[in-house]
Amino acid sequence: MKARSVVALTGAGISAESGVPTFRGGGSAVWKGMPFDQISSARMVRENLPEVWEWFDYRRGVLRDCRPNPAHFALAEWKRRFAEFTLVTQNVDDLHRAAGSDDVIELHGNIQRSRCTRCGKSFDIAGIVPHEPDRCDDCGSKVRPDVVLFGEMLPYDAFETAERMARKCDLFFVIGTSALVYPAVGLAEIAKHHGAFLVEINPEETPMSDVCDVTIRAKAGEFVPLL
Ligand code: APR
């Protein structure tokens, strides 16, 4: 089958071989005794933004030494391989863009951007650790990570585009995600419901495995370049 329209949905697992800790694979899942879904929450932004920034600046420090791996680079080539290719990521690590993917749909935002809590002005803070500025230079309000936190809505346009492409694609890859967090993971079900062929690439079993037509128990960095 020659796929015309292809979608790839990626999760933290695609960056594991770049040295970025996954959320549920052990290791980085706790910060000062708080589970990551507590420190990365809308409530913590309201109650203790400096603590949220400490956690995000720590993660941004770890990312300084992380480079895209062969899976990121391979996906950056898929734009040229298929008539229509859409890359959707749950990751905020910016590694797809660093690998050359220029129009990634970032469902959960990007840790290398911050935004004003009042006027929404966006700041590129890539390479600036700790983050600067701490206050918006237009309106003086505090800035926060431009990342979707637990308890927050996904960026409407991003999800709407991803959903439209999931509906129309012939082939949908689910790469390196535990398939636990909605609505991102719902995209795979939408694709399946609309007749797409589903392929999962993950060393572990996930709740999505049974829905997929093919499950490949492999590391993304090793297998995706072979596709
Ligand atoms: N190649 C492919 N997959 C891998 C690899 C690898 N080398 N190493 C680990 N994995 C898989 C794990 O088996 C697991 O299924 O990657 C997945 C990582 O799962 P999570 O840590 O839960 O990350 P993710 O699925 O992206 O989490 C979704 O939850 O914490 C929130 O917003 C955050 O975007 C994140 C969302």
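Helices here are DSSP runs of H or I with at least four residues, and they are numbered from the N terminus. The model on screen is predicted: local features need pLDDT of at least 70, side-chain atom pairs count only at pLDDT 80 or more, and totals for chains, interfaces and linings use all residues. Residues are numbered from 1 along each chain as its sequence is written, and side-chain values use heavy atoms, with hydrogens and water left out.

**Stop 1: helix α4**

Select residues 49-63, which form helix α4. Pick out Asp57, which is found in this helix. Asp57 has a relative accessible area of 10%, so it is classed as buried (under 20%; exposed is over 50% and partly exposed in between, with a 1.4 Å probe and protein chains only). Leaving aside neighbours within four places in sequence, Asp57 is in contact (heavy atoms within 4.5 Å) with Val129, Pro130 and His131.

Next, select Arg60, also a residue of helix α4. Arg60 counts as buried because its relative accessibility is 1%. Residues up to four places away in sequence aside, Arg60 touches Ile111, Gln112, Ile125, Ala126, Gly127, Ile128, Val129, Pro130 and His131. Draw a line from the C-alpha of Arg60 to that of Ile111: the distance is 7.1 Å, across 51 residues of sequence. Then show the backbone oxygen of Ile125, which lies 2.3 Å from a polar atom of the Arg60 side chain.

**Stop 2: the two domains**

Colour domain 1 (5-20 + 67-108 + 154-226) and domain 2 (21-65 + 111-147) separately; these bounds come from an automatic or database domain assignment. Their centres, taken over C-alpha atoms, are 24 Å apart.

**Stop 3: where the domains meet**

Show the contacts between the domains: 14 residues of domain 1 and 13 residues of domain 2 take part. Together the domains bury about 1000 Å², 58% of it on carbon and sulfur atoms. Buried area is the accessible area (1.4 Å probe) that two parts lose on being put together, summed over both. Now select Val20, Arg67 and Val92, which supply 42% of the area that domain 1 buries against domain 2, more than any other three residues.

Which side chains meet in a salt bridge at 3.1 Å, N to O? Select Glu106 and Arg113 to see the pair. A salt bridge is a side-chain nitrogen of Lys or Arg within 4 Å of a carboxyl oxygen of Asp or Glu, and the count between domain 1 and domain 2 is one.

Key: Helices (H or I, at least four residues) and strands (E, at least two) are DSSP runs, numbered from the N terminus. A polar contact is a pair of N or O atoms within 3.5 Å; within protein, one must be able to donate a hydrogen and the other to accept it, and residues adjacent in sequence count only if both atoms are side-chain atoms.
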